[in-house]
Amino acid sequence: MTQISTPMDPDTTESPIFFFDHPYPRYGLAAALVQAGVGREWKTLLDQPDALLDAAQDAIRGGLQRFRVHTSGDLDSDRELQYRWLSNEELETGGQKAEDGYYIAPHVVIDDRNSRYLIREARSTLDELQNEEEIDPQASVKMKRSFAPFTSKLNQGTKTLSEPKSTKLEAVFSLVAALTPLKPAAQVDFTNQVMIPDLDLPSMMRFVALFDRMSKSEMRAGLTLERSEESERKRPPLFDGNYPDAPRGNAFGPVGLMASIGRWGKRADETGWAGNVLDDLAGTPMYLVSYDGGLMRQEHIGHHVARLAKEFDLASIVEGLYRVDFYKPEDNQYDSKNRQGFFRTASRFLQLYTASAFQDFLAYRVQYHNTFSPILRNYFMSEQNIDADIVRSARAYGAYLNDVAYHIARQEVEENEEQDGGGTGRNLYEAKTRALAQLESTAMSARRPSALFAQLNVDAGRQSNRDVPAAAERFLEATNAGEIEFDTAKDLVMAYMRLRSENGSENTQSDDDDSDDPYMEDGE
Amino acid sequence: MAANKLDLSFFLEPPELDTHAKLTIEALSALSMTATQPGTYYRSQPAPTEAMLYGLLENALGWHFPEKVRSNVLKELRSEAKSELGRGHPQKKEPWITGDDDVESGSGFTSLLQHHLEFEMSALPDTMHFDDLWARHARGSGTEFPGGSRHYDVRLERVVSLERSDDIKFGDYSSYKIRDPDALPDVEEGDKVHVKALRPQYPQYYTSPTAREYVIPEGPYRYRVRTTARLAAQLKDALNDPAAPLYLGNNDGWVEAEWEVITQ
């Protein structure tokens, strides 16, 4: 447990600067300051509310220019749809509907029905900031849901419900936070959801500046939709995530964001900056914010995620998790509940990296894409403290079992072809997963290390005529000698057995299918 | 604390903060310290704000006043302090007397201690965060109450069962014609019942499960404090035998607080 000694006198340079207690308006302030291009002397601005409100004005004006996108293409027939941003003048409070090709950008924290309130609030605030002579930054102001999604009407010692109050400054910067495009965002079931980290002000500015750089390319390219003949998708790629390499689907949230930052840092040759931001983000809560209260929560990212994002290509590992093959082929469909459950536990495992999270993850019977291998190795070595040579050896053993399952399946398919009635009727995929499932059951039912390998090796050897490779000896030895815990040994066997080999000679889900694209049947 | 009178005389002394003390706060349960923007998702501070700490100390001292009483008390204390200082005393321009710089928390709490006690340094523990649902009590003339009340008049049982199996609907639309409570026993499948008809049979309060962030500190919160000698002694007694349970954030967040005067 680390303790930070912090002077509470704000004049001391060492104390972290928060300015706002709440991260939401703090993020708006950070975004406004970064957008205004403030230099090293930005701290002096914190004592000048007029200067801050000027920055807010620019940010709100900019936000209104990035509120809604529109395409004039034919939503039903055109195979390429080009979207553009509506200007503030073109933005209307009514009549700009989805069916006519108007969509609210994913980073705006509002929904279709209530967007007009946010637009009106933004315009009246702009008006006030531009025209009022004297604005009291500490004046008491009602916080409305349209710009402060954390709030709602409450009984505050009164008979009726009323809006909570705060200062003018907090209200204005909450509005900035609601509008600013400089925050990670994506849609979850057609509802906007954004991510707000809980950092001190300077770290937040560093994050915003990096996100600005990172997302520039995406904000442009994300506006063009190219769709195949069968696709009914209407929204452009921006809605999958307004930053590059955003994971498809929305299970991975903050981990996906960290992975993208890691990859961007390497690609843009900014590993120092990206590394600092990753370290800032790890160990503090990330708030997922949405106008839909049910989508609001905090997620904690462990320090290991920063390490993984820096050391590995975490983005491709997350991408690889979308290419797992369920033992039951029907679970490979996009809407399978099991599949959703798997992504939830996979995300939790990457976030928490604990033994119990790993157990939950292992409970789903899938074959992992080979990109997942470094995570397994890293997890077993760093969190379970297992020696590298044992992990390597366990991997060889797992690969052997996976190979055995493949050969059992091949044999079955060949026999099926020879038989009149088609035999078992299973194809290669189904036969292999069945073989894997059986080996898994054997492994799980073993009560002692010696029984574990005796049963597995006999089963494997008998059905496939293949011997345990020498490389696996170290693992078998270590388990039998008690160098590693029996339960951990079983985890190693299960995890590595499911890892698909590099060559992937058996038929698997195609790597390029759109089955996770929630927008494929975009009815809206 | 057996005394019937609250001793606020510390306020009359000029705030010469020459006594140092250590305040150590240990959480006895998860804390949810929301400083601002409550309602839909109650985000928690990882550590208490100064207002929350003042509130904790005043809780221990037993100084629980409604807003109006508090501002009157402050006014009277200030006028008493002014008369003790005498005419033309320069200290009369100090914020302690003028009240110009009084800090008020987001919920309108103005601490009586704020001029006589300063938080100098803090050592904050790491925290673990999680979300949970909290039963927010609400009362309003709106239409949400049927969904949020577990209790209603027993005579309404049949009507509520019909609604739960989607045979009838509750709402406040003008097209919902059944508005008379006496008509409820005759309600049939397909009817639309206006909430006006239900209101008398429901309690005034309902609960709304609201998402709330909680933190579990992995150690104590430690503060170094500057105060007057008299207040230091008073707080020592109060924290030894607090007038009320001590909490930080919402009142489920019970804490243990220790006070130790440090000799310079």
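A salt bridge is taken here as a side-chain nitrogen of Lys or Arg within 4 Å of a carboxyl oxygen of Asp or Glu. In this predicted model, the side chains of A:Asp198 and B:Arg43 meet in such a bridge, at 2.9 Å from N to O, and the rule finds one salt bridge across the interface of chain B and chain A.

The model is predicted, with pLDDT of at least 70 needed for local features and 80 or more for side-chain atom pairs, whereas totals for chains, interfaces and linings use all residues. Residues are numbered from 1 along each chain as its sequence is written, and side-chain values use heavy atoms, with hydrogens and water left out.

The area buried between the two chains (accessible area, 1.4 Å probe, lost on being put together and summed over both) is about 2900 Å², and carbon and sulfur atoms give 50% of it. In chain B, the residues that lose the most area to chain A are B:Gln37, B:Thr40 and B:Arg43, together 24% of what that side buries. Contact, meaning heavy atoms within 4.5 Å, takes 36 residues from chain B and 39 residues from chain A.

The table lists two approaches made by the side chain of B:Thr34.

| Partner of the B:Thr34 side chain | Distance |
|---|---|
| B:Arg212, side chain (polar contact) | 3.5 Å |

A polar contact is a pair of N or O atoms within 3.5 Å; within protein, one must be able to donate a hydrogen and the other to accept it, and residues adjacent in sequence count only if both atoms are side-chain atoms.

Terms used:
Chains are lettered from A and ligands numbered from 1 in the order in which they are written.
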